[in-house]
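Please walk through the following model strand by strand.

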Amino acid sequence: MAELKNESPRTRTGAAETPPRSHSLALKDRRHLAVTGVSRIISCDESAAVLETPLGNLTIGGQELQVSELSVQSGQVQLFGKIEYMQYAENRQSNGGLLARLFR
């Protein structure tokens, strides 16, 4: 007799895809920046912070920057300091490792 397996679609395809988070910026007086939709903080020091967002990596440059609030679950980050610029860079998808790039 044949066995019947009761699998959910998630177990057959692997991990379920999570919908992209919404992303927004709110800057007040060039001193306080609230960012939503942050998946991780790549780096942060007094002169720059790099945040990973659904729209690309966001670099915030300035002076005396400090992360005052971070919520990993909701993706909210609050920064204080003198904000001089904000710039997005596209997230690059890896096309394989070093060997894959060497043998193209």
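Ile41 has Leu51 in E4 as its bridge partner. The two strands involved are E3, residues 40-44, and E4, residues 48-53, and they pair in the antiparallel sense over four bridges. Pairing here requires that DSSP finds at least two bridges between two strands. Strands are DSSP runs of E with at least two residues, helices are runs of H or I with at least four residues, and both are numbered from the N terminus. Three residues lie between E3 and E4, and the two strands form a hairpin.

This is a predicted model, in which local features need pLDDT of at least 70 and side-chain atom pairs count only at pLDDT 80 or more, while totals for chains, interfaces and linings use all residues. Residues are numbered from 1 along each chain as its sequence is written, and side-chain values use heavy atoms, with hydrogens and water left out.

Arg40 stands opposite Glu52 in E4, and the side chains of Arg40 and Glu52 meet in a salt bridge at 3.0 Å, N to O. Since Arg40 lies in strand E3 and Glu52 in strand E4, the pair ties together parts that are twelve residues apart in sequence. The term salt bridge covers a side-chain nitrogen of Lys or Arg within 4 Å of a carboxyl oxygen of Asp or Glu. Side chains of opposite charge can pair when their charged atoms come close. How many salt bridges does a search of the whole structure find? The search finds one. Arg40 is partly exposed, with a relative accessible area of 48%, and Glu52 is also partly exposed, at 23%. Buried means under 20% relative accessible area, exposed means over 50%, and partly exposed is in between, with a 1.4 Å probe and protein chains only.

Which order do the strands take in the sheet? The sheet is open, has six strands and runs E1-E2-E6-E5-E4-E3, with antiparallel pairing. E1 (24-28) and E3 stand at the edges with a single partner strand each, so one side of each is left without a neighbour in the sheet. From one strand to the next the twist averages 35°; the axes behind such angles are lines fitted to C-alpha atoms, for helices over the stretch in contact, and angles run from 0 to 180 degrees between N-to-C directions.

The loop between E1 and strand E2 (32-36) contains Asp29, and Arg30 is placed in the loop between E1 and E2 as well. Asp29 has a positive phi of about 55° although it is not a glycine. Arg30 likewise has a positive phi of about 55° without being a glycine. Asp29 counts as exposed at 63% relative accessibility, whereas Arg30 is partly exposed at 46%.

Apart from neighbours within four places in sequence, Gly75 is in contact with Arg21, Val35, Thr36, Gly37 and Val38, where contact means heavy atoms within 4.5 Å.

Glu64 lies in strand E5 and is exposed, with a relative accessible area of 59%. Beyond neighbours within four places in sequence, Glu64 is in contact with Glu46, Phe80 and Gly81. Glu64 and Ala48, 16 residues apart in sequence, are 8.9 Å apart in space, C-alpha to C-alpha.

Taken as a whole, the chain has two helices and six strands, in the pattern α-β-β-β-β-β-β-α along the sequence. Of its 104 residues, 21% count as buried. Among contacts with a separation of 6 or more, residues 24 or more positions apart account for 43%.

The mean pLDDT of the chain is 80, and 67% of the residues reach 70 or more; pLDDT is the predictor's confidence in each residue, from 0 to 100. Over residues 3-17 the pLDDT is below 50, and this stretch has two contacts in the model beyond near neighbours in sequence. Where pLDDT is low, the predicted coordinates should not be read in detail.
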